[in-house]
Amino acid sequence: MSTAAPSTQWPGRRPAPALIWAITLTGITANTLVSPLLPDIVEDFGRPDGAAGPLVAAASLPGVLAAPVIGLLADRFGRRNVVVPCLAILGLSGILSVLAPGYWVLVGARFAMGFGTAGLINLAVVLIGDHWSGRERVRQVGRNAAVLTAGLAVLPLLSGSLAALGGWRLGLAPSALGLVTAVAAWVLLDDVRPPHSALGLADQLRAAAGTLRSPAMAATVASGFLIFLMIFGLFLTTLPVHLEQEFGMQAAARGVLLAVPSITSTLIALNLAGLRARLGLRPLLVAGAAMFGVAVATVGLAAGVAGVVFGLLVYGMAEGTTVPSLQEVTAARAPASQRGVVLAAWVSAVRLGQACGPLLFAAVFSAIGTSATLVVGSVVCIPVLLLHGFTPMGSEPPGDAPD
């Protein structure tokens, strides 16, 4: 199995963590901004509730195929030369989304946006893997995840509040800030090519495929698909409709509830390095999988808002435990020459989950209702728990002791 020794670093200066955080925050605007607005958008266009599914899936589907290509390009031509165009595409598509005159134009704009977001989250982690190692890498991935989860709280709240002031179009406006982040990345990232860029394309792909075939990497990829199937199908698509139908919540109130998981998720992510050192990776991932199932079932069965809040706090603990841990494991086990494409393969599986989840669970709740969908959907945690518990993905990579 290929591993990344601490000495295997990317050339150029270490980027400021704030820039990495800005790339991460920009990369999540596609679905965090739209989530609390879904009932309003489908109502404005005269569409049934199930039309929320294609809106969420449209921004995720391109990443299934685009993410590996983006990662490969980043490995061959440098990080800056790929990050900047992705950010620019996201910003321009965000403007088109705000101006969309009809439902399918909005779906098309969000599909274009998906090509911009396809590489951003993984490239932020790639930048961390390029310039940090050992426990400090775990710490930086945790901090980046904490910024991400804080964004998952603030951005839905922001879009819901803006929608309360000026409608759902105003709620989508912050996605245009991708253009600002593109300028910052162009100025602050070094334009360097890796020493292996002369390597033949076939050889580079063959080496990356060998890394991905290892049991640890295969389990990580499968787990990423299933976890994001739950996150996007149950949390970002089913839950907003559930809150509107069962509790009569408007966009601003839905934004507040969607922000609740960030409380526990941020706390976990900020302390990830310490938890990893004390408990080990495997127990953290097993506990996270179990908490996903408990959280989703609790929200579906809750008779009042207090029960929903409790379930969402548990959900945040699951997310803060699993997502950054899987990102760090993937970055740790990929050499610098393969890190972009290997992480992109993981993101491709994640994007497939993001695309399939909304379509699958929107169809389910259209047939059996949102409460039953949340309870039934909680069983997705079972194969995740088995993957984390019975595959050899919990050991530290050789030569990667804490700094």
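Biologist: What makes up the contact of helix 1 with helix 8?

Modeller: Ile20, Ile23, Thr24 and Gly27 in helix 1 meet Leu120, Ile121, Ala124, Leu127 and Ile128 in helix 8, where contact means heavy atoms within 4.5 Å. These residues divide into 7 nonpolar, 2 polar and no charged (Ala, Val, Leu, Ile, Met, Phe, Trp, Tyr, Cys and Pro count as nonpolar, Asp, Glu, Lys and Arg as charged, the others, Gly among them, as polar). This is a predicted model: local features need pLDDT of at least 70, side-chain atom pairs count only at pLDDT 80 or more, and totals for chains, interfaces and linings use all residues. Residues are numbered from 1 along each chain as its sequence is written, and side-chain values use heavy atoms, without hydrogens and water.

Biologist: Why is helix 1 called roughly antiparallel to helix 8?

Modeller: Their axes come within 8 Å and cross at roughly 165°. Angles over 145 degrees count as roughly antiparallel, so helix 1 is roughly antiparallel to helix 8.

Biologist: How do you know that Gly94 is buried?

Modeller: Buried means under 20% relative accessible area. Gly94 has 0%, so Gly94 is buried. Gly94 lies in helix 6 (residues 80-99) and touches Met113 and Ser175, leaving aside residues up to four places away in sequence.

Biologist: What makes the buried residues of helix 16 line one face?

Modeller: They are Leu272, Ala273, Leu275 and Arg276. Down the helix axis they fall within an arc of 165°, so they line one face of helix 16; the arc is that of directions from the axis to the C-beta atoms. They pack against helices including helix 9 (134-166) and helix 18 (305-332).

Notes. Axes fitted to C-alpha atoms, helices over the stretch in contact; angles between N-to-C directions. Helix = DSSP H or I, 4+ residues; strand = E, 2+ residues; numbered from the N terminus. Parallel < 35°, antiparallel > 145°, perpendicular 65-115°, else oblique. Buried < 20%, exposed > 50% of the residue type's maximum accessible area, 1.4 Å probe, protein only.
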